Amino acid sequence: MNTITKEFSQRILVFLSIVFVIHVLINIFLNLPKFQHLITEAYVINAMLAIGIFWGLIALKEKYNNQIGFLFLASSFIKFFVFFLVFYGPYKADDQITFSEFVSFFIPYTICLVLETYYLSKQLNQM
């Protein structure tokens, strides 16, 4: 792992950890179960996907310089596939996806996507 991917991995893990703690505290404040709706799994899986995709794209940026944007888009399909594979069934088990279920997945997904996009664009602009 080079310094770029190591730095990204550390930052995303620290940032997601802080947001996770805040998310759990908000659940407690709202008298909701602390770890409801696969919240832990959502944060862990999104972090792993973001780090893995970032690592893969950085590794491929030299060889596939012109196609890196398409590879980034393809990574979104991987994330959607994982969502449907892991989260959609439990969330849709009662025939509806509640706001708290949506938030439990969408917050870590969005944070990872924003950080991934920011750091990838920063790296690709240096080429």
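The legends below describe close-up views of a predicted model.

**View 1. Helix α1 packs against helix α4.**
Helix α1 covers residues 3-29 and helix α4 covers residues 99-125. Their axes lie 11 Å apart and meet at an angle of about 155 degrees. Angles over 145 degrees count as roughly antiparallel, and α1 and α4 are therefore roughly antiparallel to each other. The crossing of α1 past α4 is right-handed.

**View 2. The residues that join α1 and α4.**
On the α1 side, the contact is made by I4, E7, F8, R11, I12, F15, L16, V19 and H23. On the α4 side, it is made by V103, S104, I107, P108, I111, C112, L115, E116, Y119 and Q123. Sorted by class, the contact of α1 with α4 has 13 nonpolar, three polar and three charged residues.

**View 3. Helix α1 from end to end, with its buried residues.**
How far apart are the end C-alpha atoms of α1? They are 39 Å apart, which agrees with the 39 Å that 27 residues should span at 1.5 Å a residue. The buried residues of α1 are T5, F8, S9, I12, L16, V19, F20, H23, V24 and N27. These buried residues pack against α2 (39-60) and α4.

N31 sits in the loop between α1 and α2. Most residues other than glycine have a negative phi. N31 is not a glycine, yet its phi is positive, near 60 degrees. Is N31 buried or exposed? Its relative accessibility is 71%, so N31 counts as exposed, the cut-off for exposed being over 50%.

**View 4. Residue H37, in the loop between α1 and α2.**
The loop between α1 and α2 also holds H37. H37 has a positive phi of about 60 degrees, although it is not a glycine. With a relative accessible area of 23%, H37 is partly exposed. A residue counts as buried under 20% and as exposed over 50%, with partly exposed in between.

**View 5. Residue K79, a lysine in helix α3.**
Helix α3 covers residues 68-92 and contains K79. The relative accessibility of K79 is 4%, so K79 counts as buried. Which residues does K79 contact, leaving aside its neighbours within four places in sequence? They are L49, I53, Y109, L113 and E116. One of these, E116, also takes part in the contact of α4 with α1.

Key:
Residues numbered from 1 in each chain as written. Predicted model: local features only at pLDDT ≥ 70, side-chain atom pairs only at ≥ 80, totals over all residues. Heavy atoms only, no water. Axes fitted to C-alpha atoms, helices over the stretch in contact; angles between N-to-C directions. Helix = DSSP H or I, 4+ residues; strand = E, 2+ residues; numbered from the N terminus. Parallel < 35°, antiparallel > 145°, perpendicular 65-115°, else oblique. Left-handed = near helix turned anticlockwise from the far one by under 90°. Contact = heavy atoms within 4.5 Å. Nonpolar A, V, L, I, M, F, W, Y, C, P; charged D, E, K, R; others polar. Expected span 1.5 Å × (residues − 1). Buried < 20%, exposed > 50% of the residue type's maximum accessible area, 1.4 Å probe, protein only.
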